[in-house]
Amino acid sequence: MEVTAAAAIATGLAVGLGALGAAVGDGICTGKAIESIARQPEAKGTIQTTMFISVGLIESIPIIAVVLAFMLFGKIG
């Protein structure tokens with residue numbers, strides 16, 4: 001396998017798996033936050049703040065994957 005073919009495959013895998021992992025993480029995080037708010041409605045503000053920070057950190061993973069994909073894609077040309 002040539003370097004260009006490997007870089008093209010790695011580009012697709014980085015973006016695809018990064019997005020898939022973030023989607024699963026967002027779903028779990030949001031679901032648990034809703035479950036927590038249902039159990040303790042008085043802690044809604046704290047739970048939402050923590051959830052938004054967590055979702056923001058989770059969303060950094062696909063952004064990093066896209067940057068790495070661009071770097072690998074630059075090796076193709």
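Reply: A23 has a relative accessibility of 48%, so A23 counts as partly exposed. The cut-offs are under 20% for buried, over 50% for exposed and partly exposed in between, with a 1.4 Å probe and protein chains only. This is a predicted model, where local features need pLDDT of at least 70, side-chain atom pairs count only at pLDDT 80 or more, and totals for chains, interfaces and linings use all residues. Residues are numbered from 1 along each chain as its sequence is written, and side-chain values use heavy atoms, with hydrogens and water left out.

Me: In which helix is the place of A23?
Reply: Helices here are DSSP runs of H or I with at least four residues, strands are E runs of at least two, and numbering starts at the N terminus. By that rule A23 sits in helix α1.

Me: How far apart in space are A23 and E59, C-alpha to C-alpha?
Reply: In sequence, 36 residues separate A23 and E59. In space, their C-alpha distance is 8.5 Å.

Me: What is the C-alpha distance between G45 and G25?
Reply: G45 belongs to helix α2 and is partly exposed, at 44% relative accessibility. G45 and G25 are 20 residues apart in sequence. Their C-alpha atoms are separated by 21 Å.

Me: Is L17 buried or exposed?
Reply: L17 lies in helix α1, residues 3-39. Its relative accessible area is 54%, so L17 is exposed.

Me: How much accessible area does the nonpolar patch on the surface have together?
Reply: Patches take residues with over 30% relative accessible area and no salt bridge, joining like charges within 9 Å and nonpolar side chains (Val, Leu, Ile, Met, Phe, Trp, Tyr) within 5 Å. Areas come from the Shrake-Rupley method with a 1.4 Å probe, and for residues only the protein chains shown count as cover. The members are M1, I9, L13, L17, L20, V24 and I28. Together they have about 760 Å².

Me: Which residue forms a salt bridge with R39?
Reply: A salt bridge needs a side-chain nitrogen of Lys or Arg within 4 Å of a carboxyl oxygen of Asp or Glu. The count is one salt bridge. The closest N and O atoms are 3.6 Å apart, and the partner is E35.

Me: Over residues 49-73, how far apart are the end C-alpha atoms?
Reply: An unreviewed UniProt entry lists residues 49-73 as "transmembrane region". UniProt positions follow the numbering used here, feature names are shortened, and annotations may be inferred rather than shown by experiment. That stretch is 100% helix and 0% strand, with its end C-alpha atoms separated by 37 Å.
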